[in-house]
Structures are given as structure tokens and as C-alpha cells.
Amino acid sequence: MTLSALAEHIETVPLIDHHVHGCQLRPVDRRRFENSLNEANVEPLAESDSAFETQLGFAVRAHCAPLLGLPPHADADSYWQARGDRSDTDLARRFLSSAQVSDWLVDTGFASGVADLDELEDLQVGRVHEIVRLESVAEQAVQVSGDYASAFTAILHERAATAVGTKSILAYRGGFSGELSEPTAAEVSAAAQRWRDSGQSRLTDRVLLRFGLYQGLRLRKPMQFHVGFGDRDCDLHTTNPLYLLDFLRNSADVPIMLLHCYPYEREAGYLAQAFNNVYLDGGLAINYLGARSSALIGRLLEMAPFRKIVYSSDGFGPAELHYLGARLWRNGIRDVLQGFVDADEWSESDAMRVVDLIARDNAQRVYALD
């Protein structure tokens, strides 16, 4: 089949994955692997269930199997056997290099069981940059004796010195609905003491969550927010990004990056049009929607200005997810934009330019990557 010039361009354009995590570099059994293909369930999958019987599972078999020397749609048992014939390092290099990503912007806030920044660098599959999670900084700062605010600020500035941005998981710690103004110094001090007295390691106090956001803004670096779809610890109804309106009005011109967005991609698109500093992606959701991911990509292109959309995979754990995010994005944006061109709504040259913006140009500009 002869590809159009647009399709050829999409196949070869290098990507900047502006939000991703480490991949697995150590062996896991099949049950653990299948659990890693389920985002929402925080418990082991039921014995009667299989992650291969999902849109994501079908997408793995369709698109990842050929990289293991199997035909597309190979059955799950054959896939698992072929995967086990290779080392985890080989799997990581194979899948991550096939994604054709030049830069990986890595959220290091949840790194249990996956490659750290140095290990990702050693794979030699693209440049690696850090995104600092604000809640992780808080959980370090509370362990320091003395003034919490000073400790938080010192740790944040030290870690952010070599990072390209920050991230908040406020969506998992109470959601966006509720007070989001900057707290006073007295409020922060009292909240920190409450947290220390509780003996809890996980930050849930909204005063301290708000404090972290405003300290992050002062860095003047892009700030990412998990939005929408995630595991069941996230109260989905409180993660509609429209609840962030008051915060966005106070964010000046610091880039605010709305991650994933499903099922709130249209609300996020509105915010990207309404605020000069708001950007969005469809990462994570694209993988889980599999054959239906083209529809999400089409919705991302409805309202948001094209200079406000960025690419991410949100790959975490199995290296397949780092590759699959890129593969499904390329397929989806090709199908959507080729439809626009074939209907004579867009020129092919305009479509190629939009591909470049989303694939890398917007992220390169926002994160000031060389």
C-alpha cells in the first residue's frame, strides 16, 4: 500500500514524550504483567479476568507482537512466551527505541519497580529529563525537623534546578473542587504540625497541597496536573479541570499542562482556548482506548488551539506502554487528519504542520528543550 505524504511524515516524525514514567527492567510473572495493563483497579485482577481481554490487551497483541517476531494479533499465550524469551533490558530497548522519541520527560514521583533516570539514560533511547512531583517534595520536607515551609522550598529548589517541570497529583489527594487559594504562613505551619502529629506519610492536607502548588508556580517552570482517568483512588468526579478555574486565574503565565484529560478532554480543550498558559494531552487514555483512541484524538483537536496540544504516552511499567502510546498516536492522528485532508477541509501541508506542533514543537517550546 502506498502511503500518502502525510502518512509518511507521521511515521517518521520524532516525538517528545512530555509525561512518562520508568519502564520495568526486572522480570515479572504473567499475573503482575497483566495487572500492569489495568490502570483503574488497585487490587490484583480477579482470577476470572485477563488484561488481554481489553482494548489495551488487544492493542498490545496487534502492535507489539511484531516487535517480538510474532504476527499481529498473536494469541496471549504466544505473546507471553515470546516476551519471556527476551531479557527485560532487551525488551525496554526494543520497545522504547521503536517509539522514535527524542526526549522523555520523566515523572519520578512514583518509581517503585521501574527504571530510574540513570537507568533510562543507560538504555540510550533518547534524552531523559526529570519532572519533579510536588507531593513527593512535601513528603520529604515533613521529615525534616524545623520549619516545614523552609524545608519544602529548599528541597524543591534543589531538585528543580536540573528538572524541566513539576507535577501535582492533587486529583488523587482530594480533587480540584474546593479551596485552591494560596494559604498563609500560619496556616501552613499549623497544617504541617497536624501532619507530623498524625504519623501519616501520605500528604492529604489541602492546605499543604495548596502551598506546594504556589511554590511550584514560583519556579516559573511548566506544572503538570493529572486530570481525569486514573486508578480508583482518584475521585473521578472531582477531577474535572473546570474546577481549576480560580487557580488558573492566579497562575499568571506559568504553563499549566493538563494530562490525560479523559473523559474531560472537551473541558480541557475549552480551558486551553480560554487561557494562554493552558496545554493538554491525551496520554494514558490513548493506550487504554486502543482501537477507539482515534476518536479521542479527534476530540482533542475540536476546541484546543493546535499550539496548545502536546504528546505523551504516560508509559509506566511494561515497556510496551511506552511504545504503544506512540504507535496509537501515530495511527490515530493519521486517521483523523487524513480524513480532514480527503474532505478538503485541510490542506496536506497544514496537516503536516499540526503534526509537528503536537509531536514535538509545542513541548520543545514550553519546556525550553535545546
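With which residue does Arg133 form a salt bridge, and how far apart are the closest N and O atoms? In this predicted model, the partner of Arg133 is Asp107, and the closest N and O atoms of the two are 2.8 Å apart. Arg133 belongs to strand 3 (residues 127–133) and Asp107 to strand 2 (residues 101–107), so the bridge ties together parts that are 26 residues apart in sequence. Both Arg133 and Asp107 are buried.

The structure holds 20 salt bridges in total. Another of them joins Arg173 to Glu139, with 3.1 Å between the closest N and O atoms. This pair links distant parts of the chain, 34 residues apart. Arg173 is placed in the loop between strand 4 (165–168) and helix 9 (185–198), whereas Glu139 is placed in helix 7 (residues 134–141).

Arg30 pairs with Glu34, and their closest N and O atoms are 3.0 Å apart. An α-helix has 3.6 residues a turn, so residues three or four places apart point the same way. Arg30 is partly exposed because its relative accessible area is 26%, and Glu34 counts as buried because its relative accessibility is 3%. The pair also belongs to a network of salt bridges in which Arg30, Glu34 and Asp77 are linked.

Asp116, Asp118, Glu121 and Asp122 gather in a patch of negative charge. Of these residues, Asp122 is located in helix 6 (residues 117–123). With a relative accessibility of 55%, Asp122 counts as exposed, because the exposed class begins over 50%. A nonpolar patch on the surface is formed by Leu242, Tyr270 and Met303, which together have about 260 Å² of accessible area. Met303 is located in helix 14 (residues 293–303), and its relative accessibility of 40% makes it partly exposed.

Arg94 and Tyr270 are 176 residues apart along the chain, and 38 Å separates their C-alpha atoms. Arg94 lies in helix 5 (residues 88–98) and is partly exposed, with a relative accessible area of 29%. For Thr2 and Arg202, which are 200 residues apart along the chain, the separation of the C-alpha atoms is 54 Å. Thr2 is part of the segment before helix 1 (5–12), and at 76% relative accessibility Thr2 counts as exposed.

Helix 15 (residues 319–342) has 24 residues. From its first C-alpha to its last, helix 15 reaches 35 Å, close to the 34 Å expected at 1.5 Å a residue. The helix is mostly covered, since 19 of its 24 residues are buried. Just after helix 15, Asp344 takes a positive phi of about 60°.

Backbone geometry was also considered at other sites. Most residues other than glycine have a negative phi, and most peptide bonds are trans. Gln100, which is not a glycine, has a positive phi of about 55°. Gln100 is in the loop between helix 5 and strand 2 and is partly exposed, with a relative accessible area of 33%. Leu284 likewise has a positive phi, near 70°. The place of Leu284 is in the loop between strand 7 (278–280) and helix 13 (285–289). A cis peptide bond joins Tyr262 and Pro263, with omega about 5°. Pro263 is found in the loop between strand 6 (256–260) and helix 12 (265–274).

Methods
Residues numbered from 1 in each chain as written. Predicted model: local features only at pLDDT ≥ 70, side-chain atom pairs only at ≥ 80, totals over all residues. Heavy atoms only, no water. Patch = residues over 30% accessible without salt bridge, like charges linked within 9 Å, V, L, I, M, F, W, Y side chains within 5 Å. Areas by Shrake-Rupley, 256 points an atom, 1.4 Å probe, with all protein chains shown as cover. Salt bridge = Lys/Arg side-chain N within 4 Å of Asp/Glu carboxyl O. Lys, Arg positive; Asp, Glu negative; His and termini not counted. Charge placed at Lys NZ, Arg CZ, Asp CG, Glu CD. Helix = DSSP H or I, 4+ residues; strand = E, 2+ residues; numbered from the N terminus. Buried < 20%, exposed > 50% of the residue type's maximum accessible area, 1.4 Å probe, protein only. Expected span 1.5 Å × (residues − 1).
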